[in-house]
Amino acid sequence: MNLFVDRYPEEAWIVRAALASSFLALFLGGIMGLIQGLHRTGFLQIVQDSTYYTVLTLHGVSMVLLFTIYFLVGFFQWAVTDSLDRSAEDIRFTKLWYFLMVAGTVMAAAAILGGFTDATNLEADVLYTFYAPLEAHPIFYIGLVTFVIGTWLAGVDWFRSWWAWKKEHPGERTPLRAFMVMTTMLMWYLATIGVAAAILFFILPWSLGLVDSVNSLLTRTLFWFFGHPVVYFWLMPAYMMWYVILPKLAGGRLFSDPLARIVFVLFLLLSVPTGIHHQYVDPGIAEGFKFVAMTNTMFLLLPSLLTAFTVVASMEHGARQRGGTGRLGWLRSLPWNKPAFTGMALAGLMFAAAGFSGMVNAGMNLNYVIHNTLWVPGHFHLTVGTAVALTFMASTYWFLPQITGNGVFSQRLGLVQVLLWFLGMVFMGNAMHRIGLAGEPRRTAEPFYDGVTFDTALGSISELHFQIALGSVILTVSLLLFMAHLFLSWFDVASNPAPDNGVIPEALSGPENAPIVLENLRLWTAIALVLILLTYALPLASIVSANGFFGSAGTLVGTAYEFAVSPFVGVVA
Amino acid sequence: MDSGTESASADAWDGEIETEIGHDEYDPYGTLTLIGIYFVIIALLWVFMYFVEFLGEGPTVM
């Protein structure tokens, strides 16, 4: 057998553990999503309004930090081990980072779940965007830091494998999947500087009572320094699947390996210096800095549009190899009966729609129309909630046999599941965007206020609320199907043999056509750092000089800083 | 494919390829068509946003 689990049983164990953690978080987060969808539309309110924010935090943290990142580390472990064709350098180290992530998860989860009861003082109703002034129990932040350190060590583990491989293969191009992992992790190291600084220097000392106050704008800015690139951290494994697995499932070959590498390098360069576009309405950051962030964000559309071309061209290649003809007729020759293919293709389609709402978010003027409205969750339910989540679920129908050695329970049931997810999100995504245009706020248990009405351009608010509730129910049915199917396949209830999926076919234009400079990750990281400095140095300096490191209230540390540095700043000015 | 009888691969490379198409024979004009349609849709949506934002003359969220 050529299965991953037979060749690398110990690494397959880690991949399975990571995926199990990931899907557990997906299940928990999904149930919270249903509660929210029914609560804020008024159809069924089983929790108090105040508890809504505990539910919302659990939904956000489970979905966008735990589900996505656990899946990522599992999938990346497979990608590195399989593409370099070598075992982990030290499997104990691999287990160490996984269990660090688990320990962090347990701490953060305990803090969030404490919000459901008054029996403890544990609480973390701070949402997934946990910047000040919202404050959680310190164990929440300690848990998050531990979790992130786990991901850092995972990156170290994969870099060790890559360096060892390079020593044995001098002059060879890095295999595509390993290249994608390394560029993504470099981006992650740069991005997490922001959140690490925000938590370790400011939010955690404040939560522990070591300092009296924080500069809220500073912690917000440091959060979004991390908070935007994290969306690419979710997205990069999905991109890897679209580039590497989807063409194979379609019966074709990747159109261009060099283009795929360029896309990942562009994400390394441009993901971080964009975070300020989440702060267009924040007072205290000058318009000029916001304009720079907008420009970088618009440049970031380029790798996504390159991906749209390359991935569709690779699918078309498959369709034509399978006998497809015509300008659009080839679409009929794609394997729509396979859930792994159909789910990923529909996820890509939804991502194209999300591209439009993302352009609206990114534009400084249009952002004012939709800022803090339900449009924004509408946008990211199409990106992370469909492009990423549906790709992860769909790919599991292909991926699971590789790591468990068991066949999937039923392709037909899988097909129903991915179609239901797409359908549910069509209702929910569409309605959320339109409600947002009408001005209904996000992050709100009760969106209605006396004397305030929301006018929709088309349809009524109650019809749109019904669409959200209907969408949440369909998505939950899809999720339950997925979990049941996963259980049946994992434990091999039908005793289906695992298919031998063979090797991933070579790209039409192979790595030998890529410019050699693409391999120089030091250079790309250095350029990324320069771009970050250009975008962030001045805004951060201006935020700190306006209100100090710890807010205008002033603390011993803040005052000491101002005492020591302001004369110097005066001289320079 | 029904459950219980599945042994075939989940990808289409096993026995479903009619003709192998190499780098030089492949012309992705179907992709061009799809991307063209996408750009038309995006352009129309931008025109729509122009009406929402500038010609509606209603108060915005802010």
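**Close-up views of the model**

**Figure 1. A:Arg261 and A:Asp257 sit together in helix α10 of chain A, 4 residues apart, or about one turn of the helix.** Helices (DSSP runs of H or I, at least four residues) and strands (runs of E, at least two) are numbered from the N terminus. This is a predicted model, in which local features need pLDDT of at least 70 and side-chain atom pairs count only at pLDDT 80 or more, while totals for chains, interfaces and linings use all residues. Residues are numbered from 1 along each chain as its sequence is written, chains are lettered from A and ligands numbered from 1 in the order in which they are written, and side-chain values use heavy atoms, with hydrogens and water left out. The side chains of A:Arg261 and A:Asp257 form a salt bridge with an N to O distance of 2.6 Å; the term stands for a side-chain nitrogen of Lys or Arg within 4 Å of a carboxyl oxygen of Asp or Glu. Are these two residues buried or exposed? A:Arg261 is buried at 2% relative accessibility, and A:Asp257 is buried at 5%. Here buried means under 20% relative accessible area, exposed means over 50%, and partly exposed lies in between (1.4 Å probe, protein chains only).

**Figure 2. A salt bridge joins A:Asp82 to A:Arg7.** Their N and O atoms are 2.7 Å apart. The pair ties together distant parts of the chain, with A:Asp82 in helix α3 and A:Arg7 in helix α1 (residues 4-7), 75 residues apart. A:Asp82 is buried at 16% relative accessibility, whereas A:Arg7 is partly exposed at 32%. Which residues make up the salt-bridge network here? A:Arg7, A:Asp82, A:Asp85 and A:Arg177 are linked in it. A:Asp85 is found in the loop between α3 and α4, and this residue has a positive phi of about 55° although it is not a glycine.

**Figure 3. A:Glu168 and A:Arg86 meet in a salt bridge.** The closest N and O atoms are 3.2 Å apart. A:Glu168 is exposed at 54% relative accessibility, but A:Arg86 is buried at 16%. Over all chains, the structure holds 12 salt bridges.

**Figure 4. A:Val272 is a buried residue in a loop of chain A, with a relative accessible area of 1%.** The loop runs between α10 (257-270) and α11 (287-299). What does A:Val272 touch, beyond its neighbours within four places in sequence? Its contacts (heavy atoms within 4.5 Å) include A:Met187, A:Leu190, A:Phe225 and A:Tyr536. The C-alpha atoms of A:Val272 and A:Leu190 are 7.4 Å apart, although the two residues are 82 residues apart along the chain.

**Figure 5. A:Ser478 is buried in helix α17 (residues 461-490) of chain A.** Its relative accessible area is 0%. Setting aside neighbours within four places in sequence, A:Ser478 is in contact with A:Gln417, A:Leu420 and A:Trp421.

**Figure 6. A cis peptide bond links A:Ala132 and A:Pro133.** The omega angle is about 10°. A:Pro133 lies in the loop between α4 (91-113) and α5 (138-168) of chain A.

**Figure 7. Chain A meets chain B through 52 residues of chain A and 42 residues of chain B.** The area buried between them is about 4300 Å², with carbon and sulfur atoms giving 65%. Buried area is the accessible area (1.4 Å probe) that two parts lose on being put together, summed over both. A:Gln321, A:Lys338 and A:Phe356 supply 15% of what chain A buries against chain B, more than any other three residues. There are 0 salt bridges between the two chains, and 11 residue pairs are in polar contact across the interface, both residues at pLDDT 80 or more. A polar contact is a pair of N or O atoms within 3.5 Å; within protein, one must be able to donate a hydrogen and the other to accept it, and residues adjacent in sequence count only if both atoms are side-chain atoms. Which helix gives the most to the side of chain A that touches chain B? That is α12(A), with 9 residues. As for chain B itself, its secondary structure comes to 1 helix and 0 strands, and buried residues make up 27% of its 62 residues.
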